[in-house]
Amino acid sequence: METTQDGNAEHFLELIRKSKRGKFKIYIGMSAGVGKTYRMLQEAHSLLQNGVDVKIGYVETHNRAETIALTLGLPVIPRKKAFYMGKEVEEMDVQAVINLSPQLVIVDELAHTNIPGGRNEKRWQDVMDILDAGISVISAVNIQHIESLNSVVKEITGIDVSERVPDRVLKEADEVVNIDLTAEELIARLTEGRIYTRDKIETALKNFFKPESILQLRELALKEVAGQIERKVEAEVPRNISFRHEKILACISSNNEAAKTVIRKVARLASYYNARWWVLYVETPRESPDKIALDKQRHLINNFKLATEMGAEIIREKSDNVATAIVKVVDEKHITTVCICKPRLSMLQIIFATNIFSQILKKLKSNNTDLIIMS
């Protein structure tokens, strides 16, 4: 009974917290130049004309004439200046935003990394502070900056994007809007010099702005927004039919690259289903701290941190039987889907040559639990 009362109290406190929090809207796009900042500024003008106290907290114009023109007439909160690596740089003054307390603030470049020594490491963390202060925020991000898509984007473009936003930040948004252009329209904007200066156009055409890359990034952006809408419908639209509430378990090993791949793919899956998810690492006797290499220990810690940032809960089990440990967690957490990395052996060899997978498959079948084997 006490547990139920505590749960009800926590739920009520969470409702109160959300009611006091600012509203959060994110414009998302497949790449730079689609018009996210332009659309934010258009909306800011419209809100200002309708009596809303809206201010610019930080906008990056990239010296684009059309964007600069739209900043005129909008109140701007002065940026904070600091010296970093011998240069004067400007950052959003988060405390000034909170002190002025406008109804709504425009904050561009959600994935931006702040200079060291500031209030927060990342701008998305600044945004969370502003929202917690009861101020609404409109922000923008490109699809390639979403953490769980890092590996996919690297495959598409060949570029490892260093500035990333955890998926849970998008889940915090009350509204996610896709700014969409065709590949032809985007390339035309680029070649006309409306995105980058002339000296950067050729390089851009060889990287993010190849037609085949744009199409794939566009698909990712559309899927992301579709997933956000589906989650919103499930959360807010009453239904008389029952849903299977997904609970997903990602099983990782000390293999760094395989573990990162599983974590990111499962984060996407959990995001799609709006599901709770866990990352399980089974420490066998041969992988005890005194036997496992230091670099593997470091990779494990980094992967736990990555999973936590992406919204997972970490479970560490000590066992000499991996299958038993997985089955134990499946029972305890009422897992609906188990995700594992594809073994180096063929699946048939694994099933017939060892009893690990046969144990897992037998148990999952009796539990009506799905098993996903990831490449």
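Visitor: Is tyrosine 273 buried, exposed or partly exposed?
Guide: Tyrosine 273 is partly exposed, because its relative accessibility is 40%. Buried means under 20% relative accessible area, exposed means over 50%, and partly exposed is in between (1.4 Å probe, protein chains only).

Visitor: What should I know about the model itself?
Guide: This is a predicted model, so local features need pLDDT of at least 70 and side-chain atom pairs count only at pLDDT 80 or more, while totals for chains, interfaces and linings use all residues. Residues are numbered from 1 along each chain as its sequence is written, and side-chain values use heavy atoms, with hydrogens and water left out.

Visitor: OK, back to the rings. How many aromatic pairs are there?
Guide: The count is 3 aromatic pairs. Tyrosine 272 and tyrosine 273 form an edge-to-face pair, because their ring centres are 5.1 Å apart and their planes stand at 90°. Here is the rule: rings of Phe, Tyr and Trp (its six-membered ring) pair if their centres lie within 6.5 Å. Planes under 30 degrees apart count as stacked, over 60 as edge-to-face, and the rest as tilted.

Visitor: And what about tyrosine 272, buried or partly exposed?
Guide: Tyrosine 272 has 42% relative accessibility, so it counts as partly exposed.

Visitor: What sits over the ring of tyrosine 58?
Guide: The charged end of arginine 79 does, 3.8 Å from the ring centre. The charged end of arginine 123 also sits over the ring of tyrosine 58, at 3.9 Å from its centre. To count, NZ of Lys or CZ of Arg must be within 6 Å of the ring centre and within 35 degrees of the ring normal.

Visitor: New topic. How many helices and strands are in the protein?
Guide: There are 15 helices and 12 strands. Both are DSSP runs numbered from the N terminus: helices are H or I with at least four residues, strands are E with at least two.

Visitor: What is the strand order in the open sheet?
Guide: The open sheet has 5 strands, in the order β2-β5-β6-β1-β7, with parallel pairing. At the edges are β2 (54-58) and β7 (175-179), each pairing on one side only. From one strand to the next, the twist averages 20°. Two strands pair if DSSP finds at least two bridges between them.

Visitor: How many bridges join β1 and β6?
Guide: They pair in the parallel sense over 6 bridges, with β1 at residues 24-29 and β6 at residues 136-142. Tyrosine 27 has alanine 140 in β6 as its bridge partner.

Visitor: Which strands does helix α2 lie across?
Guide: Helix α2 (residues 36-49) lies across β1, β2, β5 (104-107), β6 and β7, at about 165° to β6. Helix α5 (residues 123-132) also packs on the sheet, touching β1, β2, β5 and β6, and makes about 160° with β6. Axes are lines fitted to C-alpha atoms, for helices over the stretch in contact, and angles run from 0 to 180 degrees between N-to-C directions.

Visitor: Which residues does threonine 37 touch?
Guide: Leaving out residues up to four places away in sequence, threonine 37 touches Val59, Glu60, Thr67 and Asp108. Contact means heavy atoms within 4.5 Å. Threonine 37 lies in helix α2 and is buried, at 12% relative accessible area.

Visitor: And where is glycine 57 found?
Guide: Glycine 57 is in strand β2. It is buried, because its relative accessibility is 3%. Glycine 57 touches Ile77, Met92, Val105 and Ile106, again not counting residues up to four places away.

Visitor: Now charges. How many salt bridges does the structure hold?
Guide: The structure holds 19. Each is a side-chain nitrogen of Lys or Arg within 4 Å of a carboxyl oxygen of Asp or Glu. One of them joins lysine 25 and glutamate 43, at 3.1 Å from N to O. Lysine 25 is in strand β1 and glutamate 43 in helix α2, so the pair ties together parts 18 residues apart in sequence.

Visitor: Are those two buried or exposed?
Guide: Both lysine 25 and glutamate 43 are buried.

Visitor: Which residue does arginine 268 meet in a salt bridge?
Guide: Its partner is aspartate 167, at 3.4 Å from N to O. Arginine 268 is in helix α11 (residues 256-273) and aspartate 167 in helix α7, so the pair ties together parts 101 residues apart in sequence. Aspartate 167 has 5% relative accessibility, so it counts as buried.
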